[in-house]
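Here is a short report on one structure.

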Amino acid sequence: MANTYCQLYAHIVFAVKGRGNFISVKWKEKLNKYINGIISNKNCKLMIINGMPDYLHLLIGFRPDCSLSDLIRDIKSYSSGWINENKMVPGKFEWQIGFSAFTIGQSQINTVIKYIKNQEE
């Protein structure tokens, strides 16, 4: 189809293995930028990312040819590798197996962005 138009959005949540409080405010912003790079390299768009020391929330705009499971697998794999290579935590950092994903419509974007932005509250 020559003129395909899609708006696909997913609210993703995943946690640190064992819900350990390992995501430090000292390097959280660097992690967020690294994850944004992973998502961009998959031709998807990170709309917002935020979380707490033991989990992350992401809102991603994704293409119809993108497997959401593969995208999340790559985000978790590459980001945990980056955390370990840069020795951001003592010992080995791992994400918990699995994730939560919720598709949302265009009308819900601002509500979800506000929710993710205010995770600390």
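## Aromatic pairs

Tyr34 is partly exposed at 30% relative accessible area. The scale runs from buried (under 20%) through partly exposed to exposed (over 50%), with a 1.4 Å probe and protein chains only. Trp82 is buried, at 14%. This is a predicted model: local features need pLDDT of at least 70, side-chain atom pairs count only at pLDDT 80 or more, and totals for chains, interfaces and linings use all residues. Residues are numbered from 1 along each chain as its sequence is written, and side-chain values use heavy atoms, with hydrogens and water left out.

How many aromatic pairs are there? The count is three. Rings of Phe, Tyr and Trp (its six-membered ring) pair if their centres lie within 6.5 Å; planes under 30 degrees apart are stacked, over 60 edge-to-face, and the rest tilted. Tyr34 and Trp82 are stacked, at 5.1 Å centre to centre and 20° between the planes. Tyr34 sits in helix H1 and Trp82 in helix H2 (residues 68-85), so this pair ties together parts 48 residues apart in sequence. Phe93 and Trp95 make an edge-to-face pair, because their planes stand at 90° with the centres 4.9 Å apart. Phe93 is buried at 2%, and Trp95 is buried at 7%. Phe14, Phe93 and Trp95 form one aromatic cluster.

## The sheet

Four strands build an open sheet, ordered S2-S3-S1-S4, with antiparallel pairing. Strand S2 (45-52) and strand S4 (100-104) are the edges; each has a single partner strand, so one side of each lacks a neighbour in the sheet. Neighbouring strands are turned by 15° against each other on average, direction ignored. Helices (H or I, at least four residues) and strands (E, at least two) are DSSP runs, numbered from the N terminus. Two strands pair if DSSP finds at least two bridges between them.

S2 pairs with strand S3 (residues 55-62) over seven bridges, in the antiparallel sense. Which residue in S3 is the bridge partner of Asn50? That partner is His57. Helix H1 (residues 28-41) lies across S2 and S3 and runs at about 150° to S2. Axes are lines fitted to C-alpha atoms, for helices over the stretch in contact; angles run from 0 to 180 degrees between N-to-C directions.

## Nonpolar cores

The largest nonpolar core has 27 residues. Leu56, Leu58, Ile60 and Ile75 have the most contacts inside this core. Strand S1 (8-15), H1, S2, S3 and H2 each supply at least two of its residues. H2 gives the most, with six. A core is a set of buried Ala, Val, Leu, Ile, Met, Phe, Trp, Tyr and Cys residues joined through side-chain atoms within 4.5 Å.

Leu58 touches residues including Ala10, Phe14, Ile35, Leu46 and Ile116, not counting those up to four places away in sequence. Contact means heavy atoms within 4.5 Å. A second, separate core has seven residues, among them Ile48, Leu59, Ile104 and Ile116.

## Cysteines

The structure holds zero disulfides. A disulfide is a pair of cysteine sulfur atoms within 2.5 Å. Cys44 is buried at 8% relative accessibility. Cys66 is also buried, at 17%.
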